[in-house]
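Dear colleague,

I am passing a structure on to you with this email.

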Amino acid sequence: ICELAELADAVIVSGAGPSGVVPYSHPRFMGVGGSKGSICGNYAMANADLVIVIAARAVCQWDCSGTAWGKAQCIINFNADPVAACHYNRSLPILGEARGNLRRLIEHLRRTGSSARSRPSAWLEANQARKREWEELKRKRFENPLLPDPGWKREVLTQPAAIKMAYDFARERKAACYFDAGDVQANGFQLAEDEQLGL
């Protein structure tokens, strides 16, 4: 995925699923997009003119988010499921096992002279600016983890701060994290910074 993104001058956005498939620190990874998305993930989704979907199923977190693929002229969908591959308008479905088909696309891009640029493109720079904005927003939330709560009549941890504490605790112990139940799920996906799958 990362090699394809570099060859195609693309960025990577994940859905609400397992984190760590792409390292969070990768310069082309914009995190999660959609209704549970980040500033940078949603920016990429809203502004991409070409979308390459890899082995994904259309779900409400993408399609009902209001950010998904509004400017896309074409959606190339690598998928083994014909229904999922043809879900979007303006789709070019590539049916079958994604890995082999992606290798063929990467080989074609190399053969035709497509390669990573020596300096970042305007597209990459715009997305990376949104990622810095996202990181700054998270930093501010973590620096101010308490808010007054009239019900409890005292300060309480914000949900992002509480989830971050649990997430950091789990990462230190190499424990798996499962995010479920509405806002907890959204904040969990938004805060996850896994560098590899399963950690």
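**Findings**

Asn42 is a buried residue, its relative accessible area being 18%, which falls under the 20% limit for that class. Please note that this is a predicted model. Asn42 is located in helix H2, which covers residues 39-47. Leaving out residues up to four places away in sequence, Asn42 touches Val32, Gly33, Gly34, Gly37 and Thr67.

**Strand S4 and its partners**

Strand S4, made up of residues 74-79, has five of its six residues buried, so it is largely enclosed by the rest of the structure. Strand S3 (residues 50-54) runs parallel to S4, and five bridges join the two. Within this pairing, Ile54 stands opposite Phe78 of S4. S4 also pairs with strand S5 (residues 91-95), again in the parallel sense and over five bridges. Here Ile75 stands opposite Ser91 of S5.

Asn79 is another residue of strand S4. Asn79 is buried because its relative accessible area is 8%, and the limit for a buried residue is under 20%. With residues up to four places away in sequence not counted, Asn79 touches Ala55, Ala56, Ala84, Ala85, Ile94, Leu95 and Gly96.

**Nonpolar cores**

The largest nonpolar core comprises 22 residues, and the ones with the most contacts inside it are Val13, Met30, Val51, Trp62, Trp69 and Ile75. At least two residues of this core come from each of strand S1 (12-14), strand S2 (29-32), H2, S3 and helix H6 (122-143). H2 gives the most to this core, namely three residues. Another core lies apart from this one; it has eight residues, including Leu4, Leu7, Ile106 and Leu109.

Trp69, listed above for the largest core, deserves a separate entry. When its neighbours within four places in sequence are set aside, Trp69 is in contact with Met45, Val51, Trp62, Ile75, Tyr88 and Arg90.

**The largest pocket**

The largest pocket holds about 1300 Å³ of space. Its lining consists of 50 residues, and Ile12, Val13, Ser14, Gly15 and Trp62 lie nearest the centre of the pocket. Two or more lining residues come from each of helix H1 (2-7), S1, S2, H2, S3, helix H3 (60-63), H6 and helix H8 (183-191). S3 gives the most to this lining, with five residues. Sorted by class, the lining of the largest pocket contains 36 nonpolar, ten polar and four charged residues.

**A hairpin**

Strands S6 (residues 146-149) and S7 (residues 154-157) pair in the antiparallel sense over four bridges. Asp149 has Arg154 in S7 as its bridge partner. S6 and S7 form a hairpin in which four residues lie between the strands, and Lys153 in the turn has a positive phi of about 60°.

Yours sincerely

How values were computed: Residues are numbered from 1 along each chain as its sequence is written. This is a predicted model: local features need pLDDT of at least 70, side-chain atom pairs count only at pLDDT 80 or more; totals for chains, interfaces and linings use all residues. Side-chain values use heavy atoms; hydrogens and water are left out. Buried means under 20% relative accessible area, exposed over 50%, partly exposed in between (1.4 Å probe, protein chains only). Contact means heavy atoms within 4.5 Å. Two strands pair if DSSP finds at least two bridges between them. A nonpolar core is a set of buried Ala, Val, Leu, Ile, Met, Phe, Trp, Tyr and Cys residues joined through side-chain atoms within 4.5 Å. On a 1 Å grid over the protein atoms alone, a cavity is a set of points where a 1.4 Å probe fits but cannot get out, and a pocket is an open set with protein on both sides within 12 Å along at least five of seven lines; lining residues have an atom within 4 Å of a point. Grid points are joined across faces, edges and corners, and a volume is the space filled by probe spheres set on the points. Ala, Val, Leu, Ile, Met, Phe, Trp, Tyr, Cys and Pro count as nonpolar, Asp, Glu, Lys and Arg as charged, and the others, Gly among them, as polar.
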